[in-house]
Amino acid sequence: MICSIPHVSKKEQILSMAIQTFAKEHGVECCFDSVGNIIMRKPASKGMEKRKTVVLQAHIDMVPQK
């Protein structure tokens with residue numbers, strides 16, 4: 001899905017909305033902060049509630065090259 005949506009730097013809004021739609025379809029909490037970062041939260045699976053939290057961080061923009 002991600003590769004099929006253009007997402008060059010400063011023009012990631014369509015991909016951001018696709019990610020938000022994906023999150024909603026899969027029951028994952030999703031919101032945007034004041035600068036457009038996507039924040040997603042998913043509770044621990046049953047039996048894993050006492051484990052350490054996992055944080056994933058990534059860029060969604062793509063820098064095109066000639």
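Figure 1. Cys 30 counts as buried, at 15% relative accessibility; buried means under 20% relative accessible area, exposed over 50%, and partly exposed in between, with a 1.4 Å probe and protein chains only. Cys 31, at 30% relative accessibility, counts as partly exposed. This is a predicted model, where local features need pLDDT of at least 70, side-chain atom pairs count only at pLDDT 80 or more, and totals for chains, interfaces and linings use all residues. Residues are numbered from 1 along each chain as its sequence is written, and side-chain values use heavy atoms, with hydrogens and water left out. A disulfide is a covalent bond between the sulfur atoms of two cysteines. Here it is called when a pair of cysteine sulfur atoms lies within 2.5 Å. The closest cysteine sulfur to that of Cys 30 belongs to Cys 31, but at 6.6 Å that is too far for a bond. Cys 31 is in no disulfide either, with the sulfur of Cys 30 as its nearest, 6.6 Å away. Look through the whole structure and you'll find zero disulfides.

Figure 2. Strand 1 covers residues 29-32 and runs antiparallel to strand 2, with four bridges joining them. Strand 2 covers residues 38-41. Strands (E, at least two residues) and helices (H or I, at least four) are DSSP runs, numbered from the N terminus, and two strands pair if DSSP finds at least two bridges between them. Five residues sit between the two strands of the hairpin, and in the turn Gly 36 has a positive phi of about 95°. Across the pairing, Cys 31 stands opposite Ile 39 of strand 2. Ile 39 is partly exposed, with a relative accessible area of 29%. Its C-alpha atom is separated by 16 Å from that of Glu 25, 14 residues apart along the chain.

Figure 3. Side chains of opposite charge can pair when their charged atoms come close.

Figure 4. A pocket is an open set of points on a 1 Å grid over the protein atoms alone, where a 1.4 Å probe fits, with protein on both sides within 12 Å along at least five of seven lines; lining residues have an atom within 4 Å of a point. Of the 34 lining residues, Ile 38, Ile 39, Met 40, Leu 56 and Gln 57 lie nearest the centre. Helix 1 (13-25) and strand 2 each supply at least two lining residues, and the largest share, five residues, comes from helix 1. By class, the lining has 19 nonpolar, eight polar and seven charged residues; Ala, Val, Leu, Ile, Met, Phe, Trp, Tyr, Cys and Pro count as nonpolar, Asp, Glu, Lys and Arg as charged, and the others, Gly among them, as polar.

Figure 5. Cys 3 is found in the segment before helix 1 and counts as exposed, at 82% relative accessibility. Asp 61 lies in the segment after strand 2 and counts as partly exposed, at 29%.
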